[in-house]
Amino acid sequence: MRSDAVTRSDAIREALDAARWAPSVHNTQPWSFVVAGEEISVRADSDRRLRVSDPAGRQMLISGGASLFTLRTMLRCKGYEPIVRVLPDPDRPALLAIVSLGDQITPDESTLRLGNEIRGRRTHRAGFTRLPIPTKVLDALVQQASAEGALLTPVEHPRAIQILSALTTAAQALQSVDRRFTLELIRWAAPPGSRRDDGVPAGSYPDAQPGTEPAFAQRDYGAGRGWGAHTDQRFSTSPGMVTLLTTTDDGRQAWIATGQALQRVLLHASGYGISAAFHTQALEFPSMRELVRTELCGGRHPQMIMRLGITFDDSTGVRRPLSEVLEVRDQGL
């Protein structure tokens, strides 16, 4: 036994605590966990699904997959190999995965680096600096996604970038005049000074649309009320590197794999000071998503439109306490 290994119960507790910090659409945190002995059940919380913009639960399962990868990573950091069964019971659709502890291991430096970024990673909602992402780092991010069964493709052709920008802007405009979308967004928008531990804090996005070219429309969480942080965006005028995260298949298994690939990419990027801005508006319209699939993805299924870049802005994150998302059926934890 490794002399520096934590106990199995402590490893489970720390992994669960880390899993809370995964990214999720609008910071809905649509997950919960059940611990029975040394088994951890990762479940989707359908009460937190976006019923208007995510009727099939695709984004909910991507969020759950990101949490699953975070859990796996922290178990490895604490010296245990996770044994994972994804979608183990077709009669329990909310059960995304069961994770149990395997043999003790010595975590490698790459795993420890990922673990160190779990709490520090933040979603960016503005433009980026003009500092380029090194080619070797970008290649490494592509490899990270591939390791989880997804394809991360940098979009380099100016016309393709313009198309994605235009689709994002069009989708945002359509959603802004749809009362159902607006009310759903407002539900997850935290007002200035709020103490809520979910949703999007008012200080995590600028009070004006970023002036990048081409422009990628951001969500209006303040719904025209002037919420957001007043920041100097003169040096954040680049859209960054536009990327597409895609999968061969398009179903629950693929969506969970997307979430795991996404979090693996985000944590690796964070270690190099690279942040991500997400644009899911166009993918929330079936016709637009199909257009992206056929015209820009070579028939692969687009799961995420994401901009990557370097920013000097710093924001705080909020998460629900572990006690709110955890059910323990073994009092030994």
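This is a predicted model: local features need pLDDT of at least 70, side-chain atom pairs count only at pLDDT 80 or more; totals for chains, interfaces and linings use all residues.
Okay, β7 and β8: five bridges join these two strands, and they run antiparallel. When I say strand, I mean a DSSP run of E, at least two residues, and a helix is a run of H or I, at least four residues, both numbered from the N terminus. Two strands count as paired if DSSP finds at least two bridges between them.

Residues are numbered from 1 along each chain as its sequence is written, and side-chain values use heavy atoms, with hydrogens and water left out.

Now, what order do the four strands of this open sheet take? Going across, you get β5-β6-β8-β7, with antiparallel pairing. The edges are β5 (151-154) and β7 (275-279), and each has a single partner strand, so one side of each has no neighbour in the sheet. From one strand to the next, the twist averages 30°; for angles, axes are lines fitted to C-alpha atoms, for helices over the stretch in contact, and the range is 0 to 180 degrees between N-to-C directions.

Over on the β5 side, four bridges join that strand to β6 (residues 241-247), again antiparallel. There, L152 sits opposite L245 in β6. Packed on the sheet is helix α8 (residues 286-296), which touches β6 and β8 (301-309), and its direction makes about 80° with that of β8. Touching here is contact, meaning heavy atoms within 4.5 Å.

T247 stands opposite H301 in β8, and V242 stands opposite R307 in β8.

Buried means under 20% relative accessible area, exposed is over 50%, and partly exposed is in between, using a 1.4 Å probe and protein chains only.

Have a look at R307, which is found in β8. Its relative accessibility is 1%, so R307 counts as buried. What lies 2.9 Å from a polar atom of the R307 side chain? That would be the backbone oxygen of P239.

Zooming out, the protein chain comes to nine helices and nine strands. Its radius of gyration, taken over C-alpha atoms, is 19 Å, close to the 20 Å that the globule rule gives for 333 residues, so the chain is as compact as a globular protein of that length. That rule is 2.2 Å times the number of residues to the power 0.38. Along the principal axes, the C-alpha atoms fill a box of roughly 55 × 40 × 40 Å. Of the 333 residues, 53% count as buried. And for contacts between residues at least 6 apart in sequence, 78% join residues at least 24 apart.

Technical notes
A polar contact is a pair of N or O atoms within 3.5 Å; within protein, one must be able to donate a hydrogen and the other to accept it, and residues adjacent in sequence count only if both atoms are side-chain atoms.
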